[in-house]
Amino acid sequence: MENRDSDQDAILFEPLLKTGPGYWLLIFVLVCTVLWGGYAYVTQFRLGLGVTGLNRPVYWGFYITNFVFFVGISHAGTLISAILRLCQAEWRRPITRMAEAITVLVLFFGAGNILLDLGRPDRLLYMFIYGHLTSPLMWDCISITIYLIGSTTYLYVAMIPDLALLRDRITDWRQPLYRVLALGWSGSHEQEERLQTAIAILAIAVIPIAVSVHTVVSWVFAMTIQPMWHSSIFGPYFVVGAIYSGIAALMLTMILLRKIYHLEDYLKEIHFEYLGELLLAMCLLWFYFTFAEYLTAFYGHEPIEMRIFWAKVTGHYAPYFWTMVATDFVIPLAILCNRKTRKIPGIAVASISVCIGMWLERFTIVVPTLVNPRLPWARGSYAPSWVEISLFAAFIAGFILLYAIFIKLFPIISIWEVREGREQGVAEVTERLRGYLPGDGGIDQPAKAGS
Amino acid sequence: MKAMPWRMAILLVLCCAAVVLGARMVLGGWTVPSFWATPPLEQPIAFNHRKHAAGADGIKCETCHSYSSATTGTFAGLPQVDTCMDCHKMVMRMTPVKLAKKPGLAKLRQFVAAGYIPWEQVYAEPDYVFFPHRRHIAVAKLACAECHGDVRNMTEPVLRPVVNQSMNWCMNCHQQKRASVDCIACHK
Amino acid sequence: MGQAMPRWGMVIDLDRCSGCRGCVVACKQENNIAPSTQEQAQSSRMISWMNVITVVDGDYPDAKLRLLPMLCQQCENPPCVRVCPVGATQKSSQGIVGQIYPRCIGCRYCASACPYQVKYFNWSPPSWPREFEQSLNPSVSVRPKGVIEKCTFCVQRLQRARDQAAFEGRKVRSEGEYVPACVESCPAKAMYFGDLDDHSTEVAHLVRDTRAFRVMDELGTEPNIIYLKEST
Amino acid sequence: MKHPTENQSALPGRDGDQRGIARRDFLKLAGAGTVAAAVASTAVAHAVSGALEVREDVFPKGGPESTVVSLCGMCPQRCSMMVREIGERAVSVKGNPLDPANRGGLCPVGLAILQLVYNPDRVRTPMLREGDANAPRWREISWAEAIALIKSRLEAIRSGPGAHTVAAIGGGTSELAGLMMARFLRAFGSANFIADESAQPSHGQNLTQSISGRVAYDFENSRYILSFAAPLLESWMSPVRQMRDIADFRAGWLGERGKLVQIESRLSTTAAKADEWIRVNPGTEGVLALGIAGVLVRYQLYDAGFVKEHVAGFEYGPEQKSARGLREVVLQDYDPAKVAAITGVSSEVIVRLAHEFAQMRPALAVPPGARPGRQDNGFLEAAVQTLNALSGVIDKPGGVLVSREPPLAAWAPIKPQPDEAKQPPLRSASELAAAAEGGHPYLPSAVFILGTNPLFGSSPIRPEVLERIPFKVSFTTLLDETAAHADLVLPDCTSLERWEIRTAVPGYALTSVGVGSPAIAPRYGSSPAAQVILDLAKAMGGDVAGALAWSDPGQALKEMLVGLHDAAHGEIFSERFRREYTRPEMRAWGWPADTSLKRDEFVELAVARGGWVDPRYSFGDYASVLKTKSGKFEMPELLGSAPPLIAARPGYPLDLNFFQPLALMSTMGANLPYLQEVAGAPEDWPWDSYIEINPATAAALGIEDGDWVIAQSPTAQVELQAHVYAGAMPNVVNIPLGQGHTALGHWASGRGVNPLKLLPVGGGPVTVRIVKR
């Protein structure tokens with residue numbers, strides 16, 4: 001039994017067992033980038049934020065943009081996989097793990113950007129000692145912490161059976177780690193049930209948390225009275241954007257891993273088909289919100305807001321703004337609408353474009369407002385310094401690095417879920433279908449499927 | 001059962017180390033109570049407070065720590081040569097033999113020559129705190145000992161704060177005495 | 001205790017102001033603001049709690065130039081205080097918005113939230129030529145790098161005035177006894193300072209002037225800096 | 001013991017031991033790791049927190065506090081200021097509220113004075129120049145050596161070319177040193193003490209009333225001020241006093257709101273704050289003044305009584321030398337239409353101004369004083385004073401006054417030296433320059449320069465002139481351009497470190513004496529110029545020593561103050577003055593002096609309070625204000641001649657206009673960072689020079705705000721940033737003065753440009769062209 005299964009899913013164990021030179025090369029490059037970033041941060045730590053491009057009145061720039069962006073990406077996993085789990089979408093099985101991994105790992109870098117942005121990182125603890133709940137930044141701090149804990153637990157719990165598998169399979173130095181983490185999982189019926197309930201509860205819990213996170217992130221801006229920030233739709237607007245970029249990031253990851261580890265058998269066209277449609281939906285939704293946001297500003301024609309509006313539409317930030325519109329709306333829409341282009345290569349392009357676009361969106365929300373503040377005679381300008389750019393690069397590298405390590409320690413596709421699907425999925429679905437259909441369903445018992 | 005292999009061990013140790021280090025990095029700027037943050041000081045003279053100030057006819061604190069007297073400003077002060085010399089005039093006349101018996105006075109004589117005594121300040125308010133002595137002594141009628149500890153009866157020179165003057169400590173007293181608790185009542 | 005606290009406020013008469021920027025220099029000298037460099041000035045990182053903003057309207061020959069001394073407006077309802085995650089900026093019971101430098105974590109949220117742009121960030125450590133350190137004012141702390149600072153209405157002067165008053169067993173006089181550096185040495189006597197709630201004071205009287213206005217009053221921040229517009 | 005993960009999910013295990021052992025190891029290791037890390041981290045954490053702290057020595061040290069009343073030395077007004085001290089350190093200054101001139105106010109320059117006192121670039125020891133001025137090498141010498149050197153040189157001169165060939169310029173900001181130096185020279189045998197010409201607009205009075213200096217404008221009692229490009233709220237005579245009085249004047253402190261009209265090509269700070277800004281072609285202000293005069297005459301709007309009584313040369317008459325009186329001149333040559341054509345001010349406006357000027361009495365016209373690059377100074381000032389004569393405000397409230405000498409006790413007379421009479425003394429900087437260049441009447445053999453920097457400004461004393469004088473001694477705080485050309489540089493100290501006196505506030509009629517006592521000891525081995533002169537005198541011995549026998553300048557100063565006590569009117573600075581100076585009767589009678597004080601008490605009190613004031617002014621005392629032969633206000637004849645107008649040179653189409661930002665009006669201001677930060681007026685333009693260009697002109701030249709441009713005159717060119725400013729007149733460019741030092745200190749030297757080098761040698765009008773870099 002065991003062996004047959006293992007042979008069957010052998011390919012899923014490949015990444016943990018074999019490591020090619022390409023991998024080490026990648027690691028080397030990433031580590032170098034991260035170290036460079038480290039150097040940049042030490043510089044900033046020593047000399048103060050003067051080494052960035054920030055100034056008065058542009059108090060926030062790259063760091064805050066990246067913070068919003070990364071936290072947005074983190075909505076890929078937990079939210080998606082939780083939703084898919086709850087509505088028992090069978091096709092979710094190979095996706096959930098890699099999605100949740102993204103969430104957990106990218107969150108560190110989201111929160112990390114706040115640390116970068118602090119003038120006195122040594123006083124970070126004050127947020128916990130003397131925290132004032134009147135400040136949206138405090139709300140952020142809380143909800144992100146909860147989200148991090150929640151999604152980590154969610155990832156871990158759903159991984160226990162696989163860890164047990166590895167414990168029994170892998171005999172090198174990693175075994176003790178698995179032994180500890182597997183918590184002596186034996187796959188007994190009782191354990192199965194407890195696991196299922198745990199996952200179900202977490203899945204339900206995680207969704208509101210995820211939504212709250214990016215809502216609160218948006219409130220950091222919306223709660224001020226600054227023009228083009230002080231908007232009530234910012235909450236949903238940001239959440240939609242987050243999920244949008246999240247899915248894009250997820251599909252990108254899927255495509256890469258599929259290519260590298262030959263997972264064609266697990267990540268099939270149909271998965272991309274479905275996710276592609278989901279992406280398309282988010283794309284339209286995002287456009288709806290963006291349109292609403294800018295139309296209100298334009299129609300109201302408040303001079304203070306209009307200065308920013310024009311700065312984005314025709315002024316200094318027009319290139320960023322229109323690139324955003326192109327990469328976030330035009331390109332994905334064009335690709336995803338068309339069934340012919342809604343194939344893996346097309347989707348890859350769309351996902352990349354969306355990731356870029358969503359970063360630009362964050363940027364065009366944060367900076368132009370600060371550059372054109374209310375005070376009619378105060379003008380600013382902002383260009384990131386090498387420190388900010390290096391740290392951005394380092395953070396992306398850092399994320400990929402962690403992800404690459406994760407792949408070497410844990411199966412990137414939830415093996416047990418796939419098996420479960422294979423063993424019970426079909427029967428369940430048939431059951432469900434029968435449930436939907438009038439009468440007894442009118443289709444005869446699939447004889448072999450169950451046994 | 002086989003013990004945990006060394007790779008595993010190192011991994012775990014590093015993890016913990018990373019966590020704790022991170023925590024400490026964050027704690028770096030945290031206000032550390034002066035009495036264990038700073039190493040004990042060294043005073044130029046083994047000054048015996050009790051000998052000078054004990055008893056009903058002892059010298060008043062303000063007599064030597066003159067800045068902090070009720071009449072003048074905010075800045076804390078330490079006695080200077082002339083303050084000591086008001087009483088210890090004979091020091092200059094003492095023979096080396098006599099002085100040998102009184103090492104403290106021998107030192108004092110050197111300092112008289114130098115013109116000042118390099119006292120180490122034990123209770124130093126941070127740069128960002130406004131603390132007027134007279135407000136507390138003359139107006140609020142606090143005894144010196146309340147904030148400085150019972151220095152009056154110390155025989156050893158003061159080497160480290162007897163009282164840990166943290167902000168909470170200030171605030172508690174201010175709340176009890178219904179004094180202002182505005183941040184900028186004291187922060188400057 | 002029981003009695004009403006004073007509400008310190010400032011009136012700036014633009015009809016008298018001649019835009020000499022004496023207030024700017026007086027403020028820097030009083031509050032230990034490190035001299036800037038040309039680089040800092042050009043990258044708009046110069047710290048100057050008091051600024052004289054200039055606005056040029058119209059074109060030659062009908063060009064008009066307005067000069068507006070701009071400092072922390074000491075709002076009754078300050079947007080910056082609400083958003084501070086650690087309570088490093090707070091409104092005192094006497095109406096002064098204070099900044100607590102050793103508490104500030106330097107997130108610059110207050111600065112982004114302030115519609116008047118009068119919160120200044122220490123982008124780099126303050127530095128003086130050794131000689132200049134001689135003229136530092138001990139009544140004001142020197143700010144480290146990485147924290148926000150702002151006009152405090154020269155709160156150090158209020159502290160000393162309160163100290164003196166308490167010593168003499170009275171309240172701080174609502175006018176004249178406590179005066180910020182900028183007001184003190186305005187050559188045109190264009191600035192007035194006092195307790196806005198005490199109707200006997202000159203400021204309280206001037207606030208009722210028909211020329212009185214407050215910058216961006218529509219935001220409901222209720223500044224305690226009141227300007228008198230130029231009469232013609 | 002329980003394992004944390006057990007709570008996480010309570011799953012019964014298959015293999016108890018395995019699990020148990022694993023956990024135990026885990027915990028052991030975790031524990032070990034934690035301990036190790038905790039220890040290691042302590043060091044790290046401290047290092048980190050240390051790295052983030054401010055440098056310890058920046059903590060301002062506390063100490064006992066005191067306040068000393070001193071005088072500001074940054075500009076000729078020399079406000080009385082109160083210096084706050086902590087221990088030995090001066091930590092802040094504020095205006096002395098009792099000083100009638102500044103009444104508690106200070107301008108940015110004065111407020112920044114501590115940056116001069118503690119300036120790192122201060123001269124720290126006497127220095128002797130070796131090598132030529134262009135590549136000077138300085139040898140540090142002791143004070144004793146310095147004194148000895150001067151002594152030997154002076155004695156050589158006395159036996160050689162003669163004592164009368166020694167000269168001194170300065171005293172502009174250190175009056176006491178000036179008095180000492182003058183006395184020293186007299187005792188030595190020379191009368192060549194040249195007081196600093198700080199662009200005082202007294203030229204007009206010189207022509208019309210033949211009085212110079214001590215000219216005052218009674219703004220606060222005026223109701224209408226017609227300012228002909230006078231930077232009243234910027235760098236004019238006494239900035240602080242003017243700002244205060246003009247603010248009072250505009251606010252209508254006598255009940256009626258005054259009107260300030262600024263006639264200027266540029267939207268300057270003064271123009272911006274004025275009630276009306278009249279845009280006039282630069283250099284034609286004088287013409288406009290005469291145009292207004294013409295209207296006054298034509299419509300009989302002038303003060304006929306005053307003109308009849310006290311004005312000579314108003315119309316053609318027997319006693320008249322010239323062919324035409326002013327009346328004929330203005331009626332024939334300056335009818336509104338013609339004036340409008342020249343000045344660019346419409347004739348309606350000219351007529352309106354004239355009527356306002358005639359109706360809103362007392363109405364006062366104010367000249368700008370000498371302006372570099374403008375030749376019309378004499379003409380303009382004469383024209384302006386003519387207006388004042390026509391409105392009859394000469395020596396009347398709200399008019400043009402002459403401030404009275406305070407009754408200071410004179411020092412003991414000195415016995416005249418034979419040399420002194422040999423040759424006529426040199427009376428002005430231009431005479432000195434001429435003498436140095438032409439060597440006649442004689443070549444100055446030595447010159448003392450006291451706290452003035454002629455080589456930087458538009459003074460006739462130029463480097464090559466100075467080079468011809470064999471021995472040049474400079475008393476200076478910072479090593480400025482002039483000091484760089486001196487043979488001997490003596491570190492002078494700032495006004496806060498020395499005794500100082502102020503016998504008059506430029507342009508202010510109120511008789512007052514300001515007294516400054518040293519707030520802190522002279523720093524960096526500097527010594528007050530006055531003290532050095534005393535030491536030098538002592539060294540010289542003989543009559544010189546006898547003439548300056550005081551132990552220190554303070555003593556000499558107090559000797560002068562005794563006179564105020566004996567005068568038995570006026571009073572020491574007091575609250576009473578602040579309360580009552582606004583009452584007109586004060587100006588009529590003043591106060592009975594407080595005679596209860598003994599002489600020394602009086603002096604001490606005067607020093608403690610900062611001075612003495614006498615509010616009395618006897619108006620209409622024409623005997624003392626009209627010093628002309630005729631005893632009348634004489635209409636200057638040069639008005640009859642054609643007005644000096646600037647014609648743009650072909651190829652250089654843009655008229656060049658200079659203006660002096662308040663922040664940099666002091667010769668040393670450029671080396672004070674706080675002043676560099678507020679340099680530029682009216683708009684901030686910190687730390688650099690700039691050239692104001694009208695938007696249309698800039699567009700025509702394809703220049704945008706902030707572009708680097710080159711301004712070329714026929715003789716020179718400067719490179720600076722363009723500031724496209726709607727307040728600049730089309731085809732007129734404005735450049736601020738005060739930047740472009742080649743010496744002075746590390747903040748000032750090499751920063752910005754000194755636009756005066758665009759002027760042809762010896763001044764004179766100039767037009768420029770602008771090209772993009």
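**Stop 1: the core**

Start with the largest nonpolar core, which has 435 residues. (A nonpolar core is a set of buried Ala, Val, Leu, Ile, Met, Phe, Trp, Tyr and Cys residues joined through C-beta atoms within 7 Å; buried means 20 or more other C-beta atoms within 10 Å of a residue's own, with C-beta atoms placed from the backbone.) Select Ile247(A), Leu226(D), Ala289(D), Ile292(D), Ile533(D) and Val733(D): these have the most contacts inside that core. Then pick helix 12 of chain A, residues 234-261, which gives the most to this core, with 14 residues. Helices (H or I, at least four residues) and strands (E, at least two) are DSSP runs, numbered from the N terminus.

Before moving on: this is a predicted model, where local features need pLDDT of at least 70 and side-chain atom pairs count only at pLDDT 80 or more, while totals for chains, interfaces and linings use all residues. Residues are numbered from 1 along each chain as its sequence is written, and chains are lettered from A and ligands numbered from 1 in the order in which they are written.

Now zoom in on Leu226(D). What is Leu226(D) in contact with, leaving aside its neighbours within four places in sequence? Show Val261(D), Ile263(D), Leu353(D), Phe357(D), Ala363(D), Leu364(D), Ala365(D) and Val366(D). Contact here means C-beta atoms, placed from the backbone, within 7 Å.

**Stop 2: a helix in chain A**

Select residues 344-371 of chain A, which is helix 16.

**Stop 3: where chains meet**

Colour by chain and look at C against A: the contact takes 36 residues from each of chain C and chain A. On the chain C side, helix 4 (109-113) gives the most, with four residues.

Next, chain D against chain C: 61 residues come from chain D and 50 from chain C. Elements giving two or more residues on the chain D side include strand 3 (89-95) and helix 8 (239-251).

**Stop 4: a sheet in chain D**

Finish with the open sheet of four strands in chain D, order 18-19-21-20, with antiparallel pairing. (Strands pair if DSSP finds at least two bridges between them.) Its edges are strand 18 (500-502) and strand 20 (571-572), each pairing on one side only. Two bridges join strand 20 to strand 21, residues 611-614 of chain D; click Ile572(D) and its bridge partner Trp612(D).

Note on methods:
Expected span 1.5 Å × (residues − 1). Contact = placed C-beta atoms within 7 Å. Buried ≥ 20, exposed ≤ 12 C-beta atoms within 10 Å, placed from the backbone.
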